[in-house]
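Visitor: I would like a close look at one part of this structure. Please start with a single residue and go on from there.

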Amino acid sequence: MDAMTLLTLLICAGILFGAISAVSMGNVVSAVIAAGLTSLFAAVTYVILSAPDVAMTEASIGSGLSTAIFLYAINRTRRQEREKND
Amino acid sequence: MAKRLLIILTLFLLALMFWDVVASYSEKQQLAPVAAHYVGQGPDELGAPNLVTAVVVAYRGLDTLGEVTVLFLAALAVGLLLGTGASERNTGPANPASEIVETAVEYLFPIALLFGVYIFINGHLSPGGGFQGGAVIASASLLLFLALPGVRLRHALLSAIESLSGFSYVLVGLLGLVLAGGFLDNRALPLGDYGALFSAGTIPIIYTLIGLKVGAELSVVVERFRGNA
């Protein structure tokens with residue numbers, strides 16, 4: 001097994017790890033970060049599979065924008081819950 | 001117990017479904033006929049060195065128009081749900097970022113913006129294109145929101161950019177119908193020198209329009225989700 005295959009396998013393991021922790025984590029914010037990590041590893045995999053176009057989209061939308069949008073949404077819903085409880 | 005059994009059964013059936021796909025997989029030795037045509041004739045027919053762009057914008061241009069429409073509808077729905085009522089629920093100014101972050105972002109923002117523009121203008125030459133460039137532009141706006149909580153986008157200007165570029169995209173497509181082989185055909189303009197910036201017919205124009213549209217849309221979506229926090 002050469003180094004490239006080993007690296008690819010490690011990154012794929014990273015995708016699986018990120019996805020499983022995103023599902024199983026109790027804290028919502030950590031789960032969102034784990035989902036972003038999954039996208040980041042997937043983007044690296046796309047580069048290795050020589051699909052840079054897809055990798056760019058995955059990196060900027062999957063791990064950047066959607067993570068931020070999720071975090072903003074969590075922030076806002078939490079604030080509404082707090083206002084309702086007051 | 002019955003619930004767990006049901007979950008296991010569902011997982012088993014799902015595995016059965018995918019097993020069929022995995023078991024029948026074999027590495028392809030040659031391209032499918034359509035793909036072979038794209039790879040073989042694409043550079044000659046459309047003049048775009050980045051074959052992915054040639055497929056996305058020209059051969060499968062109608063799909064891209066559909067994608068742009070889907071994104072537009074999504075942005076519209078976000079605006080409808082979060083647009084008006086949210087801004088009144090102002091809870092005072094958020095914590096400002098540190099001065100180092102603020103200063104760094106003030107320098108980085110124009111560079112990130114420029115990089116987004118570079119990606120979509122060179123979409124037909126190098127990896128990337130309208131969607132990627134637009135996403136990078138939206139990431140630049142996100143950087144701005146994170147560092148400067150008080151910053152506001154000009155929604156009127158961004159909506160104008162968005163609608164105008166969407167309109168022009170369809171117009172350029174119709175130009176292909178009149179001057180070349182069909183709707184969204186990129187040979188409405190001369191193909192030019194292979195590999196030059198102004199080449200590959202209308203592909204750079206279409207990708208510039210898509211880049212502007214996606215960048216404006218996603219920036220507004222991110223800002224709407226941020227609210228006035």
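Visitor: In which helix of chain A does Leu9(A) lie?

Guide: Leu9(A) lies in helix H1 of chain A, which covers residues 3-24. Keep in mind that this is a predicted model. Is Leu9(A) buried, partly exposed or exposed? Leu9(A) has a relative accessible area of 48%, so the residue counts as partly exposed. Exposed would need over 50%. Now look for Ile33(A). Along the sequence, Leu9(A) and Ile33(A) are 24 residues apart. In space, their C-alpha atoms are 22 Å apart.

Stay in chain A for one more stop. Ser50(A) sits in the loop between helix H2 (28-48) and helix H3 (52-85). Its phi angle is near 50°. That is a positive value, and the residue is not a glycine. Ser50(A) counts as exposed because its relative accessibility is 62%.

Next, chain B. Find Phe183(B) in the loop between helix H8 (155-179) and helix H9 (203-226). Relative accessibility is 31% here, so Phe183(B) is partly exposed.

A nonpolar patch of about 940 Å² includes Phe183(B), Leu62(B), Val170(B), Leu174(B) and Leu177(B). Phe167(B), Leu171(B), Leu175(B), Val178(B) and Leu179(B) belong to the patch too. H8(B) gives the largest share, 8 residues. Take Leu174(B), which lies in helix H8 of chain B. At 39% relative accessibility, Leu174(B) is partly exposed.

Now move to helix packing. Two packed helices are described by the angle between their axes and by the distance between those axes. Helix H7 (residues 130-147) of chain B packs against H9(B) at an angle of about 35°. The two axes are 7 Å apart. The crossing of H7(B) past H9(B) is right-handed. On the H7(B) side, the contact residues include Gly130(B), Gly134(B), Ala135(B), Ala138(B) and Phe145(B). On the H9(B) side, they include Tyr207(B), Gly211(B), Gly215(B), Glu223(B) and Arg226(B).

Glu223(B) forms a salt bridge with Arg226(B), with the closest N and O atoms 3.3 Å apart. Both residues lie in helix H9 of chain B, 3 residues apart, about one turn of the helix. Glu223(B) is buried, at 6% relative accessibility. Arg226(B) is buried as well, at 3%.

How many salt bridges are there over all chains? The count comes to 2. The other partners to find are Lys213(B) and Glu217(B), whose closest N and O atoms are 3.3 Å apart. These two residues are 4 places apart in helix H9 of chain B, so about one helical turn separates them. Where do they stand on exposure? Buried means under 20% relative accessible area. Lys213(B) is at 7%, so it is buried. Glu217(B), at 2%, counts as buried too.

Methods
Residues are numbered from 1 along each chain as its sequence is written. Chains are lettered from A and ligands numbered from 1 in the order in which they are written. This is a predicted model: local features need pLDDT of at least 70, side-chain atom pairs count only at pLDDT 80 or more; totals for chains, interfaces and linings use all residues. Side-chain values use heavy atoms; hydrogens and water are left out. Buried means under 20% relative accessible area, exposed over 50%, partly exposed in between (1.4 Å probe, protein chains only). Patches are made of residues with over 30% relative accessible area and no salt bridge: like charges are joined within 9 Å, nonpolar side chains (Val, Leu, Ile, Met, Phe, Trp, Tyr) within 5 Å. Accessible areas come from the Shrake-Rupley method with a 1.4 Å probe; for residues, only the protein chains shown count as cover. A salt bridge is a side-chain nitrogen of Lys or Arg within 4 Å of a carboxyl oxygen of Asp or Glu. Axes are lines fitted to C-alpha atoms, for helices over the stretch in contact, and angles run from 0 to 180 degrees between N-to-C directions. A crossing is left-handed if the near helix is turned anticlockwise from the far one by less than a right angle, and right-handed if clockwise. Contact means heavy atoms within 4.5 Å.
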